[in-house]
Amino acid sequence: MAAVTEQPAARGRILRTLLLAVSLVAALALTAGFFGDVVPFFDSLAHFRAHLAVLLLVTGMLLMATRAMAAGLAAGMIGGLGLVTVAPFVFPASVPARADETATYTLLQMNLRWNAANREAALRLVGRVQPDVITLEEAGEEWRPLLAALEARYPYRFDCGEPSSFGKLVLLSRRGFVPGDSGTCNAYDGFLSRTISFNGNPVTLAIQHLRWPWPGRQWQQIDRLGSTVRELAAPTLIAGDFNATPWSAALRRYAASAGTTIVPHVGPTWLPWPLTPWLAPYAGLPIDNVLVSEGIDILGVERQEATGSDHLPVLLTFAVPPAGTVEPAVDTAAR
């Protein structure tokens with residue numbers, strides 16, 4: 001009889017030990033992520049802060065259920081604090097009402113995925129939302145028919161990268177480019193910029209496609225781009241696949257160099273295909289982001305349905321308060 005009663009107790013001890021080990025590893029990883037500006041490996045851990053926070057909340061509740069109250073409370077508190085730091089970036093927010101009649105514009109950010117099997121879905125999304133500006137990454141050779149189909153609606157176009165390039169960037173706009181600005185193309189570091197006239201108000205609009213974090217070369221790429229983004233004329237709007245979460249040290253350094261802030265409430269946008277359509281909005285990584293400087297008012301941001309890419313598109317609604325008049329160029333950019 002004693003052996004029978006000892007078995008559940010032994011299983012309980014094993015379960016508590018496993019939960020304690022999981023919560024300790026998760027807590028150390030979450031805490032290390034706050035020091036990503038010191039150790040690049042820690043910044044890679046920071047990308048999973050939201051997931052680690054949820055894991056700590058779950059293990060904390062299970063520990064308390066197994067009567068390990070102190071450890072459970074500690075795990076829950078650390079997880080809760082971690083979740084607080086990511087909440088502004090992963091949860092949506094209501095769009096404030098506007099009292100003035102300032103013109104509004106929309107930007108659609110899409111990583112097309114160079115080898116996406118379904119390309120027509122992206123074209124249908126463009127037709128449905130009809131954005132003023134489209135920022136595209138991985139728009140290589142396979143996507144040329146789609147881009148050609150958009151020429152009539154988006155006569156202003158600026159390409160960066162070889163047509164066959166995995167990392168090709170393309171900027172499409174209904175609005176004219178500002179005369180005298182030939183733009184910037186740095187295909188090696190995944191950067192493109194061009195000045196666009198929004199009803200006479202010039203905005204430097206850029207696309208950024210960063211590499212993966214450590215052990216990838218993301219930090220080296222950001223260091224090389226420092227002088228380029230610092231010299232961008234304000235107001236500035238940078239959209240793209242940053243391969244970095246909004247709370248990461250890498251993206252915070254990039255935003256500071258560009259004199260911009262990170263737009264909150266975008267939410268998770270990436271998971272490996274085919275998990276993207278049904279799981280990315282809830283458990284993905286928020287690595288598709290938008291940065292803006294002063295002079296641009298953000299009115300709303302929301303993810304769109306999956307289009308065949310492993311990234312969810314992001315639709316930004318914004319306004320540009322008048323700050324001068326610039327006539328748009330008559331001719332389009334060279335393709």
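1. In this predicted model, S173 has its place in strand β4, which covers residues 169-173. The residue is counted as buried because its relative accessible area is 0%, and buried here means under 20%.

2. The surroundings of S173 include residues from elsewhere in the chain: leaving aside residues up to four places away in sequence, S173 touches D132, V133, Y154, P155, Y156 and I196. R157, which is 16 residues apart from S173 in sequence, is 6.3 Å apart from S173 in space, taken from C-alpha to C-alpha.

3. One of the residues touched by S173 is I196, and strand β6 spans residues 191-198. Strand β6 pairs with strand β7 (residues 201-209) in the antiparallel sense, over 8 bridges. Within this pairing, R194 stands opposite L205 in β7. As a general point, the strands of a sheet pair through backbone hydrogen bonds, either parallel or antiparallel.

4. A separate point concerns the surface, where V54, V58, M61 and L62 make a nonpolar patch of about 340 Å². V54 lies in helix α3, which runs over residues 49-65. Is V54 buried, exposed or partly exposed? V54 is partly exposed, because its relative accessible area is 41%, and that class lies between the cut-offs of 20% and 50%.

Key: Residues numbered from 1 in each chain as written. Predicted model: local features only at pLDDT ≥ 70, side-chain atom pairs only at ≥ 80, totals over all residues. Heavy atoms only, no water. Helix = DSSP H or I, 4+ residues; strand = E, 2+ residues; numbered from the N terminus. Buried < 20%, exposed > 50% of the residue type's maximum accessible area, 1.4 Å probe, protein only. Contact = heavy atoms within 4.5 Å. Patch = residues over 30% accessible without salt bridge, like charges linked within 9 Å, V, L, I, M, F, W, Y side chains within 5 Å. Areas by Shrake-Rupley, 256 points an atom, 1.4 Å probe, with all protein chains shown as cover. Salt bridge = Lys/Arg side-chain N within 4 Å of Asp/Glu carboxyl O. Pairing = 2+ DSSP bridges.
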